[in-house]
Amino acid sequence: MSAASPIPFSTVTELTELAPGCFAAQLSDRWTIAGKPNGGYLLALLGKAAVSLDTHPHVIAASAHYLRSPEPGPVTVNVEVLRGGRSASQLRAWMAQDGRPCVEALITTSVLDADVEPYWDCGLPEPGTGAHEHAVRIPSVNPMGTPIAIMDQVELRIDPATLGFASGRPSGAGLLRGWLSLPAAEPFDPVSLLYAVDAFPPATFDIELTGWVPTLELTAYVRALPAPGPVRVLHRAQLVSGQLVDETCYVWDCAGRLVAQGTQLAAIRLG
């Protein structure tokens with residue numbers, strides 16, 4: 001197997017129970033950006049640990065604070081139930097490496113009904129009309145020459161209408177649209193959707209190209225069980241101020257249903 005051979009998401013999020021509420025995991029060096037594990041990937045590990053401990057099978061909300069970036073390699077994941085309810089439970093989950101805390105999250109679990117239709121959805125942005133086959137796959141080296149190993153794992157495609165940053169011509173709108181698929185077309189579920197809301201390049205690339213944009217806090221909502229297939233993504237920046245940017249991400253399944261949304265605050269240096 002070559003260094004870039006895709007590894008299933010279910011494999012890179014495997015957990016080994018060490019004790020009740022305590023798990024071991026191995027962070028893959030292939031799911032990294034400039035050598036650092038992707039923040040959504042880390043949150044997905046915490047979400048997977050939470051549902052394995054609770055009676056509710058689906059993560060519906062998660063809010064993570066990133067204390068320090070772990071290195072690829074072994075980590076421990078701990079989970080405790082803060083409140084176990086009939087319709088929803090709240091849990092605390094945290095990740096540590098070499099005894100040092102890396103990520104802390106509060107997670108809500110429940111049961112998502114695959115057949116529920118939206119009662120009202122007029123507050124959502126338009127998902128876009130760009131076809132999957134016309135979108136351009138992002139390579140594993142970004143325009144500044146930074147290695148993005150995770151792009152050899154997932155298939156992330158950007159709508160050509162929002163790809164100006166790749167040729168040094170960002171539009172200034174701070175918006176990216178496109179598609180995302182997991183390795184080997186593995187179907188998305190509520191855990192992998194926690195990764196999907198943090199999968200795209202920084203939306204600020206459509207304003208000005210920069211180096212690493214590290215996530216400080218990420219909140220994700222899972223709204224529905226996705227239909228099999230790639231998901232459509234809209235990722236946009238809201239405000240850049242004081243070397244901070246907040247970004248919002250919307251994820252639709254191939255049937256056109258909004259299945260996840262996320263908001264994050266990240267550090268950035270522009271201008």
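Reader: Where is the place of Ala 184?

Author: Ala 184 sits in the loop between strand S11 (175-181) and helix H3 (190-196); helices (H or I, at least four residues) and strands (E, at least two) are DSSP runs, numbered from the N terminus. The model is predicted, so local features need pLDDT of at least 70, side-chain atom pairs count only at pLDDT 80 or more, and totals for chains, interfaces and linings use all residues. Residues are numbered from 1 along each chain as its sequence is written, and side-chain values use heavy atoms, with hydrogens and water left out.

Reader: Why is Ala 184 called exposed?

Author: Exposed means over 50% relative accessible area, buried under 20%, and partly exposed in between (1.4 Å probe, protein chains only). Ala 184 has a relative accessible area of 76%, and is therefore exposed. Its phi is positive, about 55°, although Ala 184 is not a glycine.

Reader: What makes Ala 34 count as partly exposed?

Author: The relative accessibility of Ala 34 is 41%, so the residue counts as partly exposed. Ala 34 is found in the loop between strand S3 (32-33) and strand S4 (36-37). Its phi, near 55°, is positive in a residue other than glycine. Most residues other than glycine have a negative phi.

Reader: How do you know that Lys 36 forms a salt bridge with Glu 71?

Author: A salt bridge requires a side-chain nitrogen of Lys or Arg within 4 Å of a carboxyl oxygen of Asp or Glu. For Lys 36 and Glu 71 the closest N and O atoms are 2.5 Å apart, so the pair meets that limit. Lys 36 belongs to strand S4 and Glu 71 to the loop between strand S5 (58-66) and strand S6 (73-84), so the pair ties together parts that are 35 residues apart in sequence.

Reader: Why does Arg 157 count as buried, and what is Glu 155?

Author: Arg 157 has 19% relative accessibility and therefore counts as buried, whereas Glu 155, at 22%, counts as partly exposed. Their closest N and O atoms are 2.7 Å apart, in a salt bridge.

Reader: How do you know that Glu 217 has no salt bridge?

Author: The nearest side chain of opposite charge, Arg 92, is 14 Å away from the buried Glu 217; Lys and Arg count as positive and Asp and Glu as negative, while His and the chain ends are not counted.

Reader: What makes S12 and S15 a pair?

Author: Two strands pair if DSSP finds at least two bridges between them. S12 and S15 have seven bridges, in the antiparallel sense, and therefore qualify. Glu 217 lies in strand S12 (residues 215-222), and Thr 219 stands opposite Thr 263 in S15. Strand S14 (residues 244-252) is joined to S15 by nine bridges, also antiparallel.

Reader: Why is strand S15 described as largely enclosed?

Author: Seven of the 10 residues of strand S15 (residues 258-267) are buried, so the rest of the structure largely encloses the strand.
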